[in-house]
Amino acid sequence: MKFKPILILYLLASCMPQNKTSPIITYPGGFQKALILSYDDGTIQDVELASLFDEHKLIGTFNLNSGYIGTVKGWPLANGDTVYQRYVPTDSLDVIYKNHEIAAHGQYHKDFTTVSIDEVRKELAEDISYFQDKNIEVKSMAYPFGKTDTIIGELARELGFVNGRTIDDTHTYSIPDSDQFLFWPPTTHDSRVLEHAEKYINLKSDDLKLLYVWGHSWEFGDSTRWNNMIKFCETMGKAEDIWSVGHLEFTEYILAIRDLEWKTNEVRNPSSRISIWLKHGNQIMMLKPGQTREF
Ligand SMILES: [Zn+2]
């Protein structure tokens, strides 16, 4: 019996290496790992922390209470004492946070779950307008005390926020689904940051990963904690495969990935301003806004 030509072609084709694999998505530069450093309250100790980040070319996201900027405020402690916090000066935001992202944290740091929804709206709307006056667009936020619920999250979305960070540490490196961006759980408070440093440096993954660290610069009065943070920033600064990024830029990148338009042999980036990075085999490529690439 003789094989028909078409069957021979089919058998040949099925033995040939398959080149038609789809590219995988990466972070800018072809990386698979990202780092977000999110710091709350905007106290004067941010000056030292932001310059530590600068020294190691790391990007911070600083969640500020617009109502306290430029003030000194006493916070009552449970034991009856008062702790005084000095906040960053009004006229220095563009110096202290020059290389970093500024985000909202509620005008007066009220617990959103114990005040009326109108008060929550005011807390966030006042932050937006305070920073708008300084030409700073805030679309990221961290909830005061990490507290929120579905109604508050929905309100934040309505006001234009694209994310909202809680304090429900996951101790994992996964990225939440986009419908959870307004209830974004971080990886870890910085008190446990060294536990994650080595693990994250050694992590190899084809999926996109995120180490999300949060804290307060005013907690670094404890010298052990501060020295640990220095060590952590040195380690992350030296890593050559980690994208250090602000929470807003990161969120917008992930949302732009979600919008990519895939066809059998091509992918199109419909974004008007965000480039997306892809890896196809060993080749790393950038998909510019509006660009289509065949593969
Ligand atoms: Zn706070």
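Two strands are taken to pair if DSSP finds at least two bridges between them. In this predicted model, strand β1 and strand β12 (residues 276-280) meet that condition, since they pair in the antiparallel sense over three bridges. Within this pairing, Ile25 of the chain stands opposite Leu278 in β12.

**The chain as a whole**

The chain has 295 residues, and buried residues make up 35% of them. Its secondary structure comes to eight helices and 14 strands, and its C-alpha atoms fill a box of roughly 95 × 40 × 30 Å when this is taken along the principal axes. Among the contacts in the chain with a separation of 6 or more, 63% are accounted for by residues 24 or more positions apart.

**The sheet that holds β1 and β12**

The pairing of β1 with β12 belongs to an open sheet of three strands, which has the order β1-β12-β13 and antiparallel pairing. The edge strands are β1 (24-26) and β13 (283-287), each of which pairs on one side only. From one strand to the next, the twist of this sheet averages 35°.

**The hairpin of β4 and β5**

Elsewhere in the chain, β4 and β5 form a hairpin with five residues between them, and in the turn Gly80 has a positive phi of about 95°. The two strands run antiparallel, and five bridges join β4 to strand β5 (residues 82-86); Val72 has Arg86 in β5 as its bridge partner. Strand β4 (residues 72-76) is hardly covered, for the count of buried residues among its five residues is zero.

| Strand pair | Direction | Bridges |
|---|---|---|
| β1 and β12 | antiparallel | three bridges |
| β4 and β5 | antiparallel | five bridges |

**The packing of α4 and α5**

Two packed helices are described by the angle between their axes and the distance between the axes. For helix α4 (residues 117-132) and helix α5 (residues 150-158), the axes come within 11 Å and cross at roughly 40°. Because of that angle, α4 is oblique to α5, and the crossing of the two helices is right-handed. The contact is made by Ile117, Val120, Arg121 and Leu124 on the side of α4, and by Ile151, Ile152, Leu155 and Ala156 on the side of α5. The residues of this contact divide into seven nonpolar, no polar and one charged.

Conventions. Residues are numbered from 1 along each chain as its sequence is written. This is a predicted model: local features need pLDDT of at least 70, side-chain atom pairs count only at pLDDT 80 or more; totals for chains, interfaces and linings use all residues. A residue is buried if 20 or more other C-beta atoms lie within 10 Å of its own, exposed if 12 or fewer, and partly exposed in between; C-beta atoms are placed from the backbone. Helices (H or I, at least four residues) and strands (E, at least two) are DSSP runs, numbered from the N terminus. Axes are lines fitted to C-alpha atoms, for helices over the stretch in contact, and angles run from 0 to 180 degrees between N-to-C directions. Angles under 35 degrees count as roughly parallel, over 145 as roughly antiparallel, 65 to 115 as roughly perpendicular and the rest as oblique. A crossing is left-handed if the near helix is turned anticlockwise from the far one by less than a right angle, and right-handed if clockwise. Two residues are in contact if their C-beta atoms, placed from the backbone, lie within 7 Å. Ala, Val, Leu, Ile, Met, Phe, Trp, Tyr, Cys and Pro count as nonpolar, Asp, Glu, Lys and Arg as charged, and the others, Gly among them, as polar.
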